[in-house]
Amino acid sequence: MKMSMVILILCTATLVYVQVPSGSEILKKIDQNITSESKIISSKMTIHGRRGSRTIESKSWIQGTDKAFTEYLAPAREKGTKMLKLQDQLWTYSPQTDRTIRISGHMLRQSVMGSDLSYEDYLEDPQLHNVYEAQVEGSEPINGYDCWILQLTSKKDDVAYDTRKIWVDRQRYVVLKENRYAKGGKLLKTIEVKSLLKIKTRWYPERVVFKDVLKSGAGTEFTVDKIEFDVPIDPYIFSKAALRK
Amino acid sequence: MIKFLFLGLLRDRSRSIFPLLIVSAGVALTVLLHSWMGGVQNDMIEANANFYTGHVKIITNAYLEQIDQIPNDLALLGIDSIMSTLQNEFTDLDWYARIRFGGLLDIPDESGETRSQGPVMGIAIDILSPGSQEKDLLNLEKSIVRGRLPQQPGEIVISDAFAHKLNLNIGETATLISSTMYGSMAMHNFIVVGTVKFGVTAMDKGAMVADLKDMQYVLNMEDAAGEILGFFKKRIYNNLMANKLVQKFNQLYNQPEDDFSPKMIALVDQRGLGEFLSIYDYYAKIIIGIFVIIMSLVLWNSGLMGSFRRYGEFGVRLAIGEDHSHIYRTLIYESFLIGIIGSICGTGIGLAIAYYLQVHGIDVSYMLKQSSMLISDVFRARITSTTYYIGFIPGLLATLLGSAISGIAIYKRQTSQLFKELEV
Amino acid sequence: MIIPHLAVRNILGAGLRTWLNVIVLSFAFVTIIWTQGFNEGLNAQASKAMIDAELGGGQYWHHNYDPYDQISLPDAHGPIPTLLQDYINNSKATAILITQATIYPNGRVYPIILKGIDPGQKVLQLPTRVLTGTETMLPVLIGERMAENAGLRMGDYVTIRWRDAHGTFDALDAQIVHVMKTTVQSIDNGQLWIPLDKMQNMTELRNKATLIVLGKETQPMAEIEDWVFKDLNYLLKDIRDLARTKTVGSSILYLILLFLAMLAIFDTQIFSIFRRRKEMGTLMALGMTRLKVIQLFTLEGTMHGILAALLATVYGFPLLAYFANNGMDLPQSMDSYGVALGEKLFPIYSAGLVSGTALLVLIVVTIVSFIPTRKIVKLNPTDALRGKMK
């Protein structure tokens, strides 16, 4: 009797140990990792074009998931250009024209600075659990790290990428690789995280490569130089007036 | 002998002046027709050449592959050096760098917010440099509907219908939103100083013309251009010369393995114009051929009539002992003289008129409601090497043939019969 | 009455000389009509090709549709109106759905327009039937220019990416099942044709269309809500504007040809008057007034013209009719600004052209016949009898 109890306890413990979290749980943990009350990010975007590579430096102030202000710092031509995201609206300011223009409709589909990202990508809700249902399909190592493979299916009709597949670091709950698919299942974009930053208890992608799979080229690299979480940000910055300052 | 015949011709008006007039007139018309058909062909491609293709065009290998997409990221770099080379080594043509681009034109209200916006196709040409002929090539001056052409940096003209659609007045600001050569967003404020009519709906719906240097700055294309267009100095396309030029340039400067190496293409290799020209050539040859035949018949008939009238004279000459063949030969020689002189005069007259039409043309802009950039309103002739001799076919050959055939009667008719016809 | 009688007698009496002149003048006549007909055919052919391949008898556009503004496309579609659906069912109209898409030939990004059309449609002369009966998941029809620009050939696969009605990306590898030879650039450049039902499913725009093309004989209806009818005058505006300016060039050609006719008759008249001065003197001596002599000679010239016109009809009519029906072969198709021609050129001879030319030539011939006769006014009958002009 005592032996059977021990075995039962051991089995239960083992079961508990090997229990796979649900897709939804994993998504929530991912979102917890990358989202915060606020963020200030200094970053570089390197665009590999046919004629060579170009690096653009910027600094972004982000409040929650709805507000973001980005200022381009280098090269000289881009310096002073600003972008403001307010919910689903995107505005850009150019110092040369001293004008604030709303990027909407057709323009949203244009690429940012010639990169493999579009303005639409920039606008999307970063919290995956809001947009996708997730199923855990297995696991696979990526760059030596054990990862869950999650199949994401959109909850809504108006999502740009109907399905995604993500490889989530089992320990750190960070997406190390992402595939974005068309409705018919064709692979459209890939995102690979090359390195991570640890800030206190969070893990944040440090170097990411975006690639439009359908077109040739080396894609776009996104590197975070510095990131601060939960810092106070003057709410004034998230206004159109702040663009012109 | 020639002198005798010549004097004989001069003394008898009916044998000289009338036939000469007829032959000259016929030859002049033939020459005029030939040069006119050539001119019409040139006119038909002129707008295409001036606006899109040039007589020759230089772009990079990569740009050529996607030429319909206007890929400015694949533009020519080092334009200053290329232009200098072209101006020194290829002096038969005038060279112009241009940039084509697309984007949005955004019109601000008083507070700088968007008042109206519309997609725009643009062409950047050298408007401001003194002595630049780009304005004339594109017929800009005549196509102005309102306002004026740009006179300083930062000024543009847009299509008139577009201005109406955007509710834009002359002197107002328009912000161009486009992409730089490297893909970044480009924004720039321009003053719209005038509106133009392009003449083609697609352009009239949304197009603009800006100065080249302005757009080089805006699109981050300093010392760069999408294309360089070359035009023969007489503004008449010469396919033979163009092809030679293309071969020479590409041999010297084009490297097929280098995506960004400059490559020259001729007008006939663009926009289906080669097919168009070959069709029109075919059509023109038929028209001219038929005309030459008919004109030959007219002049042959004239020669025939001329000889018919002289049967009486031949009768007298036979009666006084002149040999049949001698009379026939003199007839032929006279026809030859008439034919040559008439052909030379006619060709001269025809060429003179054709030359005037080639240089000045017939301006029909008064007939059209509004001049436009893409529909030519001046019709010109075009003189080629063929124009110089085509008149001789009806002028000389037909006249000779006419006399030769009618002169056979000298052998066939009795002297007395010819003599009697003196009175008819 | 004596004048016409005399004129006819003189003309017929001159025998071969008259007929030679008449033949040559008739050639000039036929040449003028043939050339102008050719020119008119040239202009009309371009319109014809567009009507056959693209415009039909006019088009209903969705009110948001603007062919010059691709930004409008995502909103430029609506349910096919019931009335027009009846036309479509009876092959009197056909629906076309248009959306933006991107293709990736050899890794290149190539923005295009995707057009869905019923493969079985009979309204437009397009080889749309190639879009059925294949096992390919997505068959595509393209024009030669598109094929050349994109580097595609028949049988090639190319990835197409588009967005459905909700904005969600979709992509598929489509196969080029046919490359059509067309002279109409606006159905060729920058676009792919696929079956309408497939396109409606792909984009989740079922039973929707961007434009509806009417058959050539189909009459448009009164106003339909959300749809705007564009007639051929509107749709062919650019071609017609171009053709209008070309008429000036054609007019010069016409003028030159007219001079040819003038030359043919002038020659005859001048010689005629010069040679027949004795006859003139005789007639005047017999009591004919100078005016009547002038009338006689002018009428003779005019009659040459009439005979030439009649002769031209005899051989010209079958000749021109042959060309009008069978056309003239052209070596290749012709393109400029998107102006199109088929492979044969069909001349157009309007009643206006023929009768106008006939009248004009007759007037010219009469004037040219009259001018040299003015000398007769100064003629002294006694001098004329002696063979002198003055």
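Student: Is Thr190(A) buried or exposed?

Tutor: One thing before we start: this is a predicted model. The cut-off to keep in mind is that a residue is called buried under 20% relative accessible area. Thr190(A) has 15% relative accessibility, so it counts as buried.

Student: Where is Thr190(A) found, and what is it in contact with, leaving aside neighbours within four places in sequence?

Tutor: Thr190(A) sits in strand S11 of chain A, which covers residues 187-199. Leaving out the neighbours within four places in sequence, its contacts are Glu178(A), Asn179(A), Val209(A), Phe210(A), Lys211(A) and Val213(A). For a sense of distance, take Arg244(A): it is 54 residues from Thr190(A) along the chain, and their C-alpha atoms are 35 Å apart.

Student: Let's zoom out. How many helices and strands does chain A have?

Tutor: Chain A has 5 helices and 13 strands. Its C-alpha atoms fill a box of roughly 85 × 40 × 35 Å along the principal axes. Of its 245 residues, 49% are buried. Chain A exposes about 12,200 Å², and carbon and sulfur atoms supply 53% of that.

Student: What share of the contacts in chain A joins residues at least 24 apart?

Tutor: Count the contacts between residues at least 6 apart in sequence, and 43% of them join residues at least 24 apart.

Student: Now the backbone. What should I look for in phi and in the peptide bonds?

Tutor: The general idea is that most residues other than glycine have a negative phi, and most peptide bonds are trans. Now look at the bond between Ala74(A) and Pro75(A): it is cis, with omega about 0°. Pro75(A) lies in the loop between strand S3 (67-74) and strand S4 (82-86) of chain A.

Student: And which phi value does Asn143(A) have?

Tutor: Phi of Asn143(A) is near 55°, which is positive although the residue is not a glycine. Asn143(A) belongs to the loop between strand S7 (132-142) and strand S8 (145-154) of chain A. It is exposed, with a relative accessible area of 57%. You'll find Asn220(B) in the loop between helix H9 (212-218) and strand S10 (224-225) of chain B.

Student: On to helices. How do I read which side of a helix is buried?

Tutor: An α-helix has 3.6 residues a turn, so residues three or four places apart point the same way.

Student: Which residues of helix H8 of chain C are buried?

Tutor: In H8(C), residues 277-285, they are Arg277(C), Met280(C), Gly281(C), Leu283(C) and Met284(C). Seen down the axis of H8(C), these fall within an arc of 165°, so they line one face of the helix. Just after H8(C), Gly287(C) has a positive phi of about 115°.

Student: What does chain C look like as a whole?

Tutor: Chain C has 11 helices and 15 strands. Its radius of gyration is 32 Å, whereas a compact globule of 390 residues would have one near 21 Å. The C-alpha trace spans about 105 × 45 × 30 Å along its principal axes. Chain C is divided into domain 1 (2-51 + 239-385) and domain 2 (58-230), and the C-alpha centres of these two domains lie 51 Å apart.

Student: And what are the burial and contact figures for chain C?

Tutor: In chain C, 58% of the 390 residues are buried. Of the contacts with a separation of 6 or more, 77% are between residues 24 or more positions apart. Chain C exposes about 16,800 Å², with carbon and sulfur atoms supplying 58% of it.

Definitions and conventions: Residues are numbered from 1 along each chain as its sequence is written. Chains are lettered from A and ligands numbered from 1 in the order in which they are written. This is a predicted model: local features need pLDDT of at least 70, side-chain atom pairs count only at pLDDT 80 or more; totals for chains, interfaces and linings use all residues. Side-chain values use heavy atoms; hydrogens and water are left out. Helices (H or I, at least four residues) and strands (E, at least two) are DSSP runs, numbered from the N terminus. The radius of gyration is taken over C-alpha atoms; the globule rule is 2.2 Å times the number of residues to the power 0.38. Buried means under 20% relative accessible area, exposed over 50%, partly exposed in between (1.4 Å probe, protein chains only). Contact means heavy atoms within 4.5 Å. Accessible areas come from the Shrake-Rupley method with a 1.4 Å probe; for residues, only the protein chains shown count as cover. Domain bounds come from an automatic or database domain assignment. The arc is that of the directions from the helix axis to the C-beta atoms.
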